[in-house]
Amino acid sequence: MSATALDVITGALKRINELAAGETPDDNTASDALAMLNDLLDSLSNDHLACYARVENIFDLTSGQNIYTVGNPAGGTFLGTVTQGSNVISNVTAMPADLAIGASVSGSGIAAGATVTTIGANTMTMSAPATATFSVLFQITYTTPGNIAIQRPLRVLTGFTRLTTSGISQVDYPLDVIGLDQWSSIGLKNQPGPWPKVLYYDAAVPLGTFYFFPNPSQGGEVHLWTDNLFTDFLTLDTPVTLPQGYARFLKVALALELWPEYKGMAPMPQALVEQYKIAKAAVKNLNAQAQSTATYDHAIAGRAKNDAGWILHGGFR
């Protein structure tokens with residue numbers, strides 16, 4: 001399903017009888033409702049069952065490092081010029097002190113997904129050439145990435161470590177995601193081991209932190225599954241594609257948000273409340289994943305020590 005913010009806002013206002021059939025909201029009404037819609041989307045990211053996708057994040061482990069910052073928040077802006085076909089941003093008037101290699105850069109003529117590869121006195125090199133020429137100074141936006149430059153997740157669901165060295169490539173070992181109490185109970189958090197078995201995630205702002213145990217003694221990949229994060233509608237006409245059922249859910253949910261703004265203390269119609277419950281339940285039922293009931297006892301399932309059973313638990317307990 002593809003919809004725009006204006007589609008959702010119009011549907012919500014009709015549900016509270018602020019618009020008739022064929023009418024559209026005026027600019028001020030639409031602008032206010034857009035802000036409320038984006039607030040609603042932001043809060044939906046906090047609800048695991050409202051999130052419709054599980055995102056696989058892949059990054060490399062560094063031998064001897066078990067703590068990584070994660071996130072890629074906006075850092076600020078600077079002025080510069082670009083030339084089509086060139087990877088260099090020139091004539092930077094004031095190089096930001098917090099600009100780092102790996103930062104994402106965006107602006108007119110800059111390719112989507114471009115990152116900083118080198119930094120000079122008043123120039124910097126991008127990972128992709130400029131798509132147009134802008135010889136007059138213009139504003140460029142940059143980010144301040146952590147060790148892992150992905151969108152900062154709200155939660156980590158599950159994950160595994162994939163070995164890529166020592167001739168044992170493509171073998172995956174599960175990661176247990178633990179809480180702060182369990183992490184605090186580990187006495188020697190920097191204890192070396194072949195690869196991590198547990199992960200604690202501190203979802204701080206603007207950068208979160210991954211803590212792994214034990215401290216890996218070899219390289220490898222970490223694959224972590226997180227919930228998708230809902231992004232704001234940038235404009236009223238910004239199209240967004242969502243799974244079936246979300247258009248209805250957003251319209252009814254926004255109608256509930258708008259009701260006090262337009263109706264004050266008037267009782268909310270029970271029919272609208274019931275529509276919201278039904279729409280929300282449909283979305284959450286769609287996103288609920290069946291839990292596996294298959295379990296086994298490691299002691300019962302154990303084999304002779306000279307077989308390959310060590311692969312299941314990484315060779316240590």
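Colleague: Why does Lys 263 count as partly exposed?

Modeller: Its relative accessibility is 26%, and the class runs between buried (under 20% relative accessible area) and exposed (over 50%), with a 1.4 Å probe and protein chains only. Lys 263 therefore counts as partly exposed. This is a predicted model, where local features need pLDDT of at least 70, side-chain atom pairs count only at pLDDT 80 or more, and totals for chains, interfaces and linings use all residues. Residues are numbered from 1 along each chain as its sequence is written, and side-chain values use heavy atoms, with hydrogens and water left out.

Colleague: What makes the contact between Lys 263 and Glu 18 a salt bridge?

Modeller: The closest N and O atoms are 2.9 Å apart, and the term asks for a side-chain nitrogen of Lys or Arg within 4 Å of a carboxyl oxygen of Asp or Glu. The pair links distant parts of the chain, 245 residues apart: Lys 263 is in helix α4 (residues 246–263) and Glu 18 in the loop between α1 (5–15) and α2 (27–44). Helices (H or I, at least four residues) and strands (E, at least two) are DSSP runs numbered from the N terminus. Glu 18, at 30%, also counts as partly exposed.

Colleague: How many salt bridges does the whole structure have?

Modeller: The search finds 6. Another one joins the side chains of Lys 284 and Asp 47, at 2.9 Å from N to O. Lys 284 lies in helix α5 (residues 270–287) and Asp 47 in the loop between α2 and β2 (54–61), so this pair ties together parts 237 residues apart in sequence.

Colleague: Is Asp 227, the partner of Arg 54, buried or exposed?

Modeller: Its relative accessibility is 5%, so Asp 227 counts as buried. The closest N and O atoms of Asp 227 and Arg 54 are 3.0 Å apart. Shared partners join Arg 54, Arg 155 and Asp 227 into one network.

Colleague: What makes the nonpolar surface patch, and where is Leu 79?

Modeller: Leu 79, Val 136 and Leu 137 make a patch of about 260 Å². Patch residues have over 30% relative accessible area and no salt bridge; like charges are joined within 9 Å, nonpolar side chains (Val, Leu, Ile, Met, Phe, Trp, Tyr) within 5 Å. Areas come from the Shrake-Rupley method with a 1.4 Å probe, and for residues only the protein chains shown count as cover. Leu 79 is in strand β4 (residues 74–82) and, at 36%, counts as partly exposed.
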